[in-house]
Amino acid sequence: MDRNQMVGLGLIAALLITYAIVFKPPVDEKDLTDTATIEQAATNTAANDIQQQEKEAAQQVQDTVKTDYNEEFGVFAAGAQGEATDLVIENDVATFTFSSKGGIIKSVELKDFKTWDDNPLILFDETSTSQDLILQTVKGNINLANLYFKASQSGTSLVKGDSLQFKYTMDLGAGNSIEQIYTIAGDSYELGYQIKINGLNSTIIGDQMNFVWVHKMRRYEKNLSDSRIKTTIKWYTVAEDLDDLKATNNEIQQEQLTEPIKWLSFDQKFFNAGIISEKGFSGALVSTEVPVEDTTLVKNGEMRLAIPVADLYSGSQLKYYFGPNNYRILKDVTPGYKENIYLGYKMVSWVNKLIIIPLFQFLEKYISNYGVIIMIIVLIIKLALFPLTRKSYLSMAKMKALKPELDELKEKVGGDQQKMQQEQMKLYREMGVNPISGCIPMVLQMPILFAMFFFFPNSIELRGESFLWATDLSTYDVLFNLPFTIPFYGSHVSGFTLLMTVSTILYTWSNNQVSTVQGPMKSIGYFMPIIFMFVLNSYSSGLSFYYFVSNIITFGQQAIIRRFVDEDKIRATLHENKKNNANKGKSKFQQRLEDAMKASQEAQKKKKPKK
C-alpha cells in the first residue's frame, strides 16, 4: 500500500469517528431513572429478605426458649426471664439492699457500728447469705428466689418519722401473681415482710412453702474464740419456750423442731439476724457448724422453715430484725426476743434486767465516759449494800474477840473434834454470837456479783468504748503483749485484770486481820485471786475494772468501819451476854444446828472401817 492509500484510509477513519460523536442519538432521562429504580429495588428486596430471615431465626430461637421455660416452669415461665437490679433503701440506722431476682434482701449494713478492725459492719450480703423460697407445684419444686420480680419503688432514704411500704410483684397472667411486701420505718432495725399468693390454686400442690436461710456469720469482734462460744441459733416457740443449739460445741449441731415456732435468730455476741412470724412457723430444721480454718467467720448456720401455704393466700405476716443485741431495743421487737442477750442464770438475770440495765441506761443519758459510769455504778451498789457489809464486818470482829476463849477450848479438849464443835456451839450460845451471821450478808451480795459477770461481757453499750489504755471495754485490754503464750492465760497481760488481782489480794489480807480462820483455809484466800487472774485475762476489761473499783471501795468501807469499831467494847458486850444467857435455853435454830452436827459426826463414825 502506497502513501496516498494510507492517507485515504486514515481520513475515512477520522470521518467515521467524527460522525459517531457529532451525530449521537439523544438519551431519554426517564429511561435512566427507571433503570436506577429497578437496581435500588433489587437491592432493597435483598436487604428485606435478609432482615426477614434474621427475624424468623430470632423468633425461632425465642419460641424455642419460651417453650423450654414453659416446660420447666409452667405458669411461672413469665418470671423466669429478666434482669437482676438492686434497690437500696436507707434509714437512720441501716442500709438495706434488695434484688429484683427473687425479690429478696441482698445485704444489710449497720450504720452505727464497725467491725473490730474498723471496717463497715455488713450483717450479711450475697457472698455470706442465701435465701430460697421453695413451692411444690405441678411442675415440681419452684424456687421463687430464682425468678424475677418488678419493684414498685426506686431507691430512697428515710429519716425518723418516715415510713415506707413497697412491693415486688411477679405477674403470671390470668389473675395469677406473687407479691412480696416490705415495710421500713425511718429509725428501726425491723423490716416488715409479707408474702402473698394470688390465684395459682391449681398449680401449687404442697401445703407449705420451705423458707431456707443459709447464713455464714461473719467475725465482728477481736476475740474469735469468745465470739464462737456466744454464737448460735436461738428459737422461741408459740408456747413461749426459749431454746438454742449448744454454742460451746465445735461439732455440727442440728435439731428438728416440730412444734410451732414464733421466731428464730442467728444470734452472735453483739448482733443478730432473725425472722419472726405472727402466726408461727409450723416447723423447722436448724443447724450450725464451726469453720475452724476460716478466721473471718464465726459459725455457719442454716434454718429450714415451714410456712403454711394457707397463710400465703391470706398474706403471711412476717418480720425481720437486723441489728444490735441491745436490751432496750430487743424487748420491744416481739415477746421473748430480748432473750437473745444472755444475762445469766434465772437467779441472777433479774438483777440485770430490773436493776443494772435501767441504772446503766439512766447514767449513759448524762455521762458519755463509760469508765466513769462503771465507777458510779460501783459506788451506788456499795452504798446500797453498806449495811450488809457493816454487819458482816461486825460479825467477824465478834468472832475475833472470841479467839482467846476458842484457844482455851482447843487446849482443853485436845484433838477431839466432836467435843470441840460441841463446846464451840455452847460458847457461841452463851456469848450471843451467830457463827453464820457473817456469811449471810455475803450470800445476799452474790446475785449482784454474778450479775455483773454476765452483764459486762454482753453489754453492747461498752463495745468500742475506750477508757485509759483499754480501747474496747467489751473485750480484754492489753497492757503489753508477751513474746510467748502461757497456757490458760494467753499471750497478753490485761492491765485491769492485774489491778483487780492485786486489789483482791489486798482485800483478802484486810479480812484476815479480823478473821479467826487459821491454817490452810486462810491461805486459800490468796490463791483465788491468782486463779481469777487467769480466768479473766481474756474477759471484758469493763468487768475487771468493775471488780477492781469494787475492791478499792470495799477496802475503804472496811477501813472506815474499823475506825469506829471498838473491839474492847465488843468483847465486854459478849461477856455481858454470857451472864445474861447463863440460864437461857437453846434456840430452835441452835438446836437444829447441833442436831445436824451430831448426825454428821455419827455418819462419819459409821464410815470408819473397824480394826
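## Briefing: sheets, cores and a surface patch

Trp 263 stands opposite Ile 276 in strand S17. This pair belongs to a predicted model with 16 helices and 22 strands. Of its 611 residues, 44% are buried.

**Nine-stranded sheet**

- Strand S16 (residues 261–267) pairs with strand S17 (residues 271–281) in the antiparallel sense. Six bridges link S16 and S17.
- The two belong to an open, antiparallel sheet of nine strands. The order is S7-S9-S10-S11-S20-S17-S16-S13-S14.
- At the edges stand strand S7 (150–151) and strand S14 (242–244). Each has a single partner strand, so one side of each lacks a neighbour in the sheet.

**Five-stranded sheet**

- Another open sheet holds five strands, in the order S4-S3-S2-S1-S8. Its pairing is mixed.
- Strand S4 (120–124) and strand S8 (156–157) are its edge strands, each pairing on one side only.
- Strand S3 (residues 105–114) and S4 run antiparallel, joined by four bridges.
- Val 108 has Phe 124 in S4 as its bridge partner.

**Nonpolar cores**

- The largest nonpolar core has 111 residues. Phe 76, Phe 98, Leu 144, Trp 213, Leu 264, Phe 322 and Tyr 546 touch the most other members.
- Helix H14 (residues 541–564) gives this core its largest share, seven residues.
- A second, separate core has six residues, among them Leu 402, Leu 406, Leu 409 and Met 425.

**Contacts across the chain**

- Take the contacts in the protein with a separation of 6 or more: 67% of them involve residues 24 or more positions apart.

**Surface**

- The protein exposes about 33200 Å², and carbon and sulfur atoms supply 56% of that area.
- A nonpolar surface patch is formed by Ile 524, Phe 527, Met 528, Ile 531, Phe 532, Val 535 and Tyr 539. Together these residues have about 620 Å² of accessible area.
- Val 535, one of the patch residues, lies in helix H13 (residues 520–536).
- Val 535 has a relative accessible area of 40%, so this residue counts as partly exposed. Patch members need over 30%, and the 40% of Val 535 is given as its relative accessible area.

Technical notes:
Residues are numbered from 1 along each chain as its sequence is written. This is a predicted model: local features need pLDDT of at least 70, side-chain atom pairs count only at pLDDT 80 or more; totals for chains, interfaces and linings use all residues. Side-chain values use heavy atoms; hydrogens and water are left out. Buried means under 20% relative accessible area, exposed over 50%, partly exposed in between (1.4 Å probe, protein chains only). Contact means heavy atoms within 4.5 Å. Accessible areas come from the Shrake-Rupley method with a 1.4 Å probe; for residues, only the protein chains shown count as cover. Patches are made of residues with over 30% relative accessible area and no salt bridge: like charges are joined within 9 Å, nonpolar side chains (Val, Leu, Ile, Met, Phe, Trp, Tyr) within 5 Å. A salt bridge is a side-chain nitrogen of Lys or Arg within 4 Å of a carboxyl oxygen of Asp or Glu. Two strands pair if DSSP finds at least two bridges between them. A nonpolar core is a set of buried Ala, Val, Leu, Ile, Met, Phe, Trp, Tyr and Cys residues joined through side-chain atoms within 4.5 Å.
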